[in-house]
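Dear colleague,

Please find below the structure that I am handing over to you, together with its sequence. My notes on what was found in it follow.

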Amino acid sequence: MTTNLATLLLADGRFPAGGHVHSAGVESAIADGRVHDDASLTAYVIGRLWTAGLTDAVLAVATTTRVRATHHVDERAAVVRALDAEADARIVSPVLRSASRRLGRQLLRAAGRCWPSEMWVTLDDLRTGKDGLHQACAWGLVGVAAELGVDEVARLMVHHATSTPAMAAVRLLGLDPFAVAAMLAACADDGERVVDLAVGHAWTPLDELPAGAGPVVEIASMEHARWDIRMFTT
């Protein structure tokens, strides 16, 4: 029961992890016309699910699995550093790289209050350092602290990868929220396939983990950062 409630809390958009100020690139996509209605939003969400969503889910699962299996303090820190480096290498845009670390810091700040763990003490330098950890690795550590199964960790990543741009589009375009919610529900089969793939990569060598990304999204993020007026940070 505790695990199920933890998952629901972490999936709730009201959990103070900072995601509400990010659009996952959809604000830029709306500005340049790539997203303009329900159909184009669906295409964007599915594309994000199978690129950045899969990559993040894999890294989060790998973090949960490997940190949980490592008990020595120094070894655990080395594992997290290696995974964080892999996350860094998979985010080309410096703007998105910075956003990922900012979201990781905020997530760990909130999770540290919700699920106290000796792990936070042993990884304190990584958790609270100047840069912090990338969001995917942070989610993996939360999976350890909250005692989540790796499939739950993967589903949380899938949920946030799809719901973040979808809900931002509702605000930006005034789309029918019922239709958008139905679209997200229809993505469930794709989402479960991504979950299965992510769990299957739990022990894949780090340099062989998926590295999907959207070049247009990466490029647009750098232009978006220069806007004088915008609703979302990224």
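What covers the buried residues of α12? Please bear in mind that this is a predicted model. The cover includes α2 (26–31) and α5 (94–114). Helix α12 itself spans residues 215–224, and its buried residues are Glu 218, Ala 220, Ser 221 and His 224.

Turning to the nonpolar cores, the largest has 48 residues. Those with the most contacts inside this core are Leu 10, Leu 107, Trp 115, Met 119, Trp 120, Leu 141 and Val 142. At least two residues come from each of several helices, including α1 (2–11), α4 (73–89), α6 (118–122) and α8 (135–145). The most, nine residues, is given by α3. Another core, of 16 residues, lies apart from the largest one, and Val 26, Ile 30, Tyr 44 and Phe 232 are among its members.

Leaving aside residues up to four places away in sequence, Leu 141 touches Thr 63, Val 67, Val 80, Leu 108, Met 119, Trp 120, Leu 123 and Leu 133.

Finally, the second largest pocket has a volume of about 230 Å³. It is lined by 13 residues, of which Val 158, His 159, Thr 162, Leu 184 and Ala 188 are the closest to its centre. Two or more lining residues come from each of α9 (150–173), α10 (177–186) and α11 (188–200), and α9 supplies the largest share, five residues. By class, the lining comprises seven nonpolar, four polar and two charged residues.

With kind regards

Key:
Residues are numbered from 1 along each chain as its sequence is written. This is a predicted model: local features need pLDDT of at least 70, side-chain atom pairs count only at pLDDT 80 or more; totals for chains, interfaces and linings use all residues. Side-chain values use heavy atoms; hydrogens and water are left out. Buried means under 20% relative accessible area, exposed over 50%, partly exposed in between (1.4 Å probe, protein chains only). Helices (H or I, at least four residues) and strands (E, at least two) are DSSP runs, numbered from the N terminus. Contact means heavy atoms within 4.5 Å. On a 1 Å grid over the protein atoms alone, a cavity is a set of points where a 1.4 Å probe fits but cannot get out, and a pocket is an open set with protein on both sides within 12 Å along at least five of seven lines; lining residues have an atom within 4 Å of a point. Grid points are joined across faces, edges and corners, and a volume is the space filled by probe spheres set on the points. Ala, Val, Leu, Ile, Met, Phe, Trp, Tyr, Cys and Pro count as nonpolar, Asp, Glu, Lys and Arg as charged, and the others, Gly among them, as polar. A nonpolar core is a set of buried Ala, Val, Leu, Ile, Met, Phe, Trp, Tyr and Cys residues joined through side-chain atoms within 4.5 Å.
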